[in-house]
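Student: I would like to go through some of the terms used for this structure and ask what each one rests on.
Tutor: Go ahead, with the structure in view.

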Amino acid sequence: MSRELLAVENLVKRYGENTVLDKISFRVQEGETLVIIGPSGCGKSTLLRCINALEPIQGGRILLDGQEISRDAKSLPKLRQRIGMVFQNYELFPHLNALDNITLAPIKVQKRKRAEVVEEAMSLLERVGLKDRAYDFPRQLSGGQKQRIAIVRALCMRPEALLFDEVTASLDPEMVREVLDVLLALAEQGRTMLIVTHEMQFARAVADRVLFLDGGKIVEEAAPDAFFDAPQSERARKFLRTFTFETVKHQKIGGYSK
Amino acid sequence: MDRQVILSYLPLYRDAAWLTLRLGCMGIAFSLLIGLACAAARYRKTPILSALAAAYIEVSRNTPLLIQLFFLYYGLPKIGIRTNAAACGVAGLAFLGGGYMAEAFRSGLEAIPLSQKESALSLGMTEFQALWHVVLPQALSVSVPPLMANVVFLLKETSVFSAVSLMDLMFTAKDLIGLYYSTTESLFLLVAFYLLILLPVSVAGSLLERRLRYAGFGV
Ligand SMILES: Nc1ncnc2c1ncn2[C@@H]1O[C@H](COP(=O)(O)OP(=O)(O)OP(=O)(O)O)[C@@H](O)[C@H]1O
Ligand SMILES: [Mg+2]
């Protein structure tokens with residue numbers, strides 16, 4: 001029996017008059033990979049930011065393992081330690097080298113022994129193929145390398161759940177794969193993950209379940225094959241069609257330019 | 001210019017320079033602490049502290065040091081608080097400098113994108129840890145030029161100390177001119193000693209700036 005790790009109940013998020021998330025509810029089991037997709041501006045980033053309490057919410061609640069994540073809670077830093085987050089633009093700390101980026105929070109926040117943290121960081125770096133980059137500064141690394149460092153930084157806190165917000169959206173195409181491979185490996189290890197992405201093939205491969213978000217609501221919630229092969233709602237069908245249309249267009253242009 | 005006169009004045013100027021430097025450094029050290037505290041309060045938007053800091057910054061930057069010193073030196077004893085000239089000098093300089101330093105720190109803090117703080121928070125840091133370990137170190141590279149400019153400015157401001165009869169460089173020069181009419185020698189030494197204090201600070205400042213610029217924190 002898997003255990004419920006995260007519960008979002010009737011979450012309401014407004015920016016002024018604009019209701020971005022309108023009574024959203026869903027649950028995430030331990031070890032599950034949930035992929036969230038939807039058109040640009042539908043509130044995917046906002047949802048992840050609410051789960052990490054980076055945004056105040058106007059209604060509902062978010063529970064991690066039964067404990068409410070609230071911006072007023074004294075225990076907020078403790079709860080955040082249990083949720084890792086990886087951002088679209090890496091957000092590495094530019095004044096620290098890769099290793100210090102990774103070990104800063106485990107040492108200063110979790111008060112773990114430096115030697116032990118460095119060892120763990122190095123073995124994680126090895127797993128993403130960046131052991132020889134440990135002493136490089138962010139400005140010396142490519143986008144794909146920076147993003148893999150950012151993932152290792154989140155992992156080194158030993159979080160119970162991981163949030164990924166379009167982590168390949170700022171990358172050159174040839175670097176997308178190296179980052180997505182890391183995510184696939186994490187899913188295989190049975191990590192609990194919430195992934196926002198525009199990479200549809202990847203979404204299908206990695207997801208245990210897909211949430212389709214539009215107009216502030218969860219329009220569809222389904223297993224990946226069911227969602228991609230036979231979307232139930234017109235909005236999901238329209239959304240998925242935009243991706244196939246792009247493909248056709250690209251092929252044509254490729255043909256002409258030859 | 002009489003070399004004999006200059007030589008005989010040297011010990012007086014040396015003592016005065018030492019006093020200027022000592023009180024100046026103490027005042028500057030306190031002004032850095034006050035400035036950092038105010039900038040942090042404003043950055044974190046701590047409810048009451050932030051407003052107090054804003055008010056203090058305006059007052060300190062918009063009143064002349066001379067007035068602040070008079071207030072401390074002649075005003076406080078009237079309400080029964082005993083003061084001495086050196087303490088007043090340091091306090092006055094710290095009060096004036098705190099406002100300027102706060103603005104210098106603030107310009108640095110504001111230059112760092114909010115997403116850096118959020119990234120630190122998402123790793124479980126407290127607001128203070130995020131400021132201390134992530135935002136402030138980056139902000140310093142932006143703040144160093146204005147901070148160094150403030151240090152030079154405050155060292156120059158110490159010339160007002162003579163007004164509360166501290167025997168600083170200015171006081172010594174005025175005194176000697178008054179006593180012996182040795183205007184040329186006295187002023188020459190005054191300029192020379194100020195340069196002696198300020199030039200090394202200025203040079204150190206530009207070196208520090210260069211190093212920070214080449215450290216180039218670009219993302
Ligand atoms: N700080 C903010 N203030 C006001 N409105 C905001 C703010 N942040 C986001 N919004 C609005 O909230 C809505 C959802 O934004 P969000 O960034 O969550 O969308 P998204 O689904 O992540 O889009 P994308 O796929 O382009 O990243 C948008 O309409 C946006 O304009
Ligand atoms: Mg987004």
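Student: Why does Ile67(B) count as partly exposed?
Tutor: The model is a predicted one, and in it Ile67(B) has a relative accessibility of 48%. Buried means under 20% and exposed over 50%, with partly exposed in between. Ile67(B), at 48%, therefore counts as partly exposed.

Student: Where does Ile67(B) lie, and what makes the patch that includes Ile67(B) a nonpolar one?
Tutor: Ile67(B) belongs to helix 3 of chain B, residues 65-78. The surface patch is formed by Leu66(B), Ile67(B), Phe70(B) and Tyr74(B), with about 360 Å² of accessible area together. Leu, Ile, Phe and Tyr are among the side chains taken as nonpolar, and a patch residue needs over 30% relative accessible area. Ile67(B) has 48%.

Student: Why is Asn10(A) described as partly exposed?
Tutor: Its relative accessibility is 43%. That value falls between the limits of 20% and 50%, so Asn10(A) counts as partly exposed. Asn10(A) sits in strand 1 of chain A, residues 4-15.

Student: Which residues does Asn10(A) touch, leaving aside those up to four places away in sequence?
Tutor: Lys23(A), Ile24(A), Ser25(A), Gly59(A) and Gly60(A). Contact here means heavy atoms within 4.5 Å. As for Gly31(A), 21 residues from Asn10(A) along the chain, the two C-alpha atoms are separated by 23 Å.

Student: What makes strand 2 and strand 5 of chain A edge strands?
Tutor: The open sheet has four strands in the order 2-1-4-5 (chain A), and the pairing is antiparallel. Strand 2 (18-29) and strand 5 (67-68) each have a single partner strand, so one side of each is left without a neighbour in the sheet.

Student: Why is strand 8 of chain A called largely enclosed?
Tutor: Five of the five residues of strand 8 (residues 192-196) are buried, so the strand is largely enclosed by the rest of the structure. Thr192(A), Leu194(A) and Val196(A) point one way, Met193(A) and Ile195(A) the other way, and all are buried.

Student: How many bridges join strand 8 to strand 3, and how many to strand 7 of chain A?
Tutor: Strand 3 pairs with strand 8 in the parallel sense over four bridges, with Leu34(A) opposite Leu194(A). Strand 7 and strand 8 pair in the parallel sense over five bridges, with Leu162(A) opposite Met193(A).

Student: What is the strand order of the sheet of six strands, and which are its edge strands?
Tutor: The order is 6-7-8-3-9-10 (chain A), in an open sheet with mixed pairing. Strand 6 (83-86) and strand 10 (217-222) are the edge strands, as each pairs on one side only. Strand 3 (residues 33-37) is joined to strand 9 (residues 209-214) by four bridges, and these run parallel.

Conventions
Residues are numbered from 1 along each chain as its sequence is written. Chains are lettered from A and ligands numbered from 1 in the order in which they are written. This is a predicted model: local features need pLDDT of at least 70, side-chain atom pairs count only at pLDDT 80 or more; totals for chains, interfaces and linings use all residues. Side-chain values use heavy atoms; hydrogens and water are left out. Two strands pair if DSSP finds at least two bridges between them. Helices (H or I, at least four residues) and strands (E, at least two) are DSSP runs, numbered from the N terminus. Patches are made of residues with over 30% relative accessible area and no salt bridge: like charges are joined within 9 Å, nonpolar side chains (Val, Leu, Ile, Met, Phe, Trp, Tyr) within 5 Å. Accessible areas come from the Shrake-Rupley method with a 1.4 Å probe; for residues, only the protein chains shown count as cover. A salt bridge is a side-chain nitrogen of Lys or Arg within 4 Å of a carboxyl oxygen of Asp or Glu. Buried means under 20% relative accessible area, exposed over 50%, partly exposed in between (1.4 Å probe, protein chains only).
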